[in-house]
Amino acid sequence: MSLRKIVPYFFILPGFLYFVIFMLYPIFQTVSLSFYNWDGLARTKQFIGLKNYLRLVQDPIFHVSLSHNLIWVALTIALPLLIGLILASILAGKIKGRNVFSTIYFIPHIIALVVAGTIWSWIYNPIFGLLNVVLKEIGLGHLARGWLGDPQWALISLNMVGNWTYFGFCVLIFLSFLQSVDPTVYEAAVVDGANSLQRFWHITIPALRGTIVFVTVYSTIGALKFFDLVYITTRGGPFHKTEVVSSYMFSLFLRQNRVSYAASISTVLTGIIFSLTVTILYFGWEKK
Amino acid sequence: MKREAISSLAKRKSYQWRIRGERIGVYALLVIFAVAALIPIIIALSTSLKTGGQLYENILALPTAPEWKNYIKVWINANFSRYFLNSIIVSAPTTLMVLFFAALAGYAFAKLKFFGKRSIFFIFLLGLMIPVPSIIIPIYFLLKDLKILNTYLGLIIPQVALGLPFGVFLMTTFFREIPEELLDSARIDGCNTLQILTKIILPISSPALKALVVIEFMWAWNSYFLPMVIIQRDEFKPLTVGLDTFIGRYTINYPMIAAACVIIFVPIVVLYFFLQKEFVRGITFGAIKG
């Protein structure tokens, strides 16, 4: 009798134990590390309480990094998510070659981010990069600049790379969900005289409500924790203009050996991700 | 009467033209995005086959005489053959281990009853929110103490942990769809709990298993942050870190860097073309049923 009740645990335990040891416990270790003053090499460490967090609050680089992450969240929701939504709703209609399009859109997503960043850094190259060359060809040469080297444009330029890799993912998710929506609802709306915009707003968006919330959460988490694009291209430069929380934490940890301070930054990041996720889910689920 | 007939005909025609215009506009939009999606890839491929001089001449032109030597130089001289091997040696076991743990746990969550099921599942779900920076510091020191920094095992172990939450989620979601009657008839035939998994569930889950394999392999192959922290020695670097090193060393040799990039993304793109359905299934399953 009791064996029946124990058996399921044998199936859960391997994965769960692994998860606890290598994912859950380290989170608490990171938090605890942040209350000390350790450089990773010394044999002993001093307890300094919340000093790292006070330092963090006054750290201009941290503020700048976090602001970049938040800008990235906003841009990711505004651009690839919206574009994905629009493209998906177009593709859900009577489009020839729907699969070809969605297949092509998804390809940037499977390319390693370090590769995407590298390729785009040539496109952005001030001298021979595709972007500037095309701008000059069509007579907009005065807009040409050193995209990734320009303090004002570096973050946005990088964000466009991120959007390039991400919009196909959004298209795929929304399209898959849209294909399970009843087409007769749309047909009825056309008969009633609704134009495409009205159909989009009143039918498509409410139907995709849960998926939109999900993609928003996923995008937010991604925009807060991303590292690859920044580090492979600009390493956070110029002058921290593309620094984000994870790249700052990386250089603190590995390049400056300020282990405990890096731990406090990680902890704050985790906290922000958790709270933003919960907030979005709460507001997304409210009307249900 | 005639005037009304003519004007209504004219209205219908202009309506048809408007619809046609709308259709052309829509397809143009779709094509623009398709082109935007592909251009950087084409640039990478084309740049990789140029010589340095050809590159500065005209970025847009395709190479007239493909310089395959670039690939040989990258593969041999720049050690990319080794990096490629490393990526495989790390990504394959990671994928298999995630599959193993996730299938077992997913089965239990989907089909078995036990105390604390909801809470434990919820905890796994929390794992989806945990970013690498949150755990990298203690993991680094743990691996250091175990003396497995700069080894394959040292990279595989945390990567499996990072892939687990999604794997468990995917497997659970898929297994839930399997009809109870199938399991009941197996139980009547005398199968125990484990046999139900191996003889009934796994064989018919091959789409979901393939999807998980494909997704996890891609994530492991493309991962960068984790190996940057854990692997410092050149002989153990996977392709992504190898690229970073390579760029540092060959900063302006763009054709060679392009060749390196192509080497990194070609395996995954090839995998994608053969297993498209599985990729799509893996990505969308989590979103739709979640």
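Visitor: How do I read contacts along the sequence in chain B of this predicted model, and what share of those between residues at least 6 apart joins residues at least 24 apart?

Guide: Look at how far apart in sequence the partners sit. In chain B, 78% of the contacts between residues at least 6 apart join residues at least 24 apart.

Visitor: What is the figure for chain A, for residues 24 or more positions apart?

Guide: Such residues account for 71% of the chain A contacts with a separation of 6 or more.

Visitor: Now the elements. How many helices and strands are there in chain B?

Guide: Count each kind. Chain B has 14 helices and zero strands. From the N terminus on, its elements run α-α-α-α-α-α-α-α-α-α-α-α-α-α.

Visitor: Why is chain B described as more spread out than a compact globule?

Guide: Compare its radius of gyration with the globule rule. The radius for chain B is 26 Å, well over the 19 Å that the rule gives for 290 residues, so chain B is more spread out. Its C-alpha trace spans about 80 × 65 × 35 Å along the principal axes.

Visitor: Which domains is chain B divided into?

Guide: Domain 1 covers 2-48 and domain 2 covers 71-289. Their C-alpha centres lie 41 Å apart. Where they touch, domain 1 of chain B gives four residues and domain 2 of chain B gives six. The domain 1 side has two nonpolar, two polar and no charged residues.

Visitor: And burial? What percentage of residues is buried in chain B?

Guide: Buried residues make up 44% of the 290 in chain B. In chain A, 45% of the 288 residues count as buried.

Visitor: How many helices and strands does chain A have?

Guide: Chain A has 13 helices and two strands. Its C-alpha trace spans about 75 × 75 × 30 Å along the principal axes.

Notes: Residues are numbered from 1 along each chain as its sequence is written. Chains are lettered from A and ligands numbered from 1 in the order in which they are written. This is a predicted model: local features need pLDDT of at least 70, side-chain atom pairs count only at pLDDT 80 or more; totals for chains, interfaces and linings use all residues. Domain bounds come from an automatic or database domain assignment. Two residues are in contact if their C-beta atoms, placed from the backbone, lie within 7 Å. Ala, Val, Leu, Ile, Met, Phe, Trp, Tyr, Cys and Pro count as nonpolar, Asp, Glu, Lys and Arg as charged, and the others, Gly among them, as polar. Helices (H or I, at least four residues) and strands (E, at least two) are DSSP runs, numbered from the N terminus. A residue is buried if 20 or more other C-beta atoms lie within 10 Å of its own, exposed if 12 or fewer, and partly exposed in between; C-beta atoms are placed from the backbone. The radius of gyration is taken over C-alpha atoms; the globule rule is 2.2 Å times the number of residues to the power 0.38.
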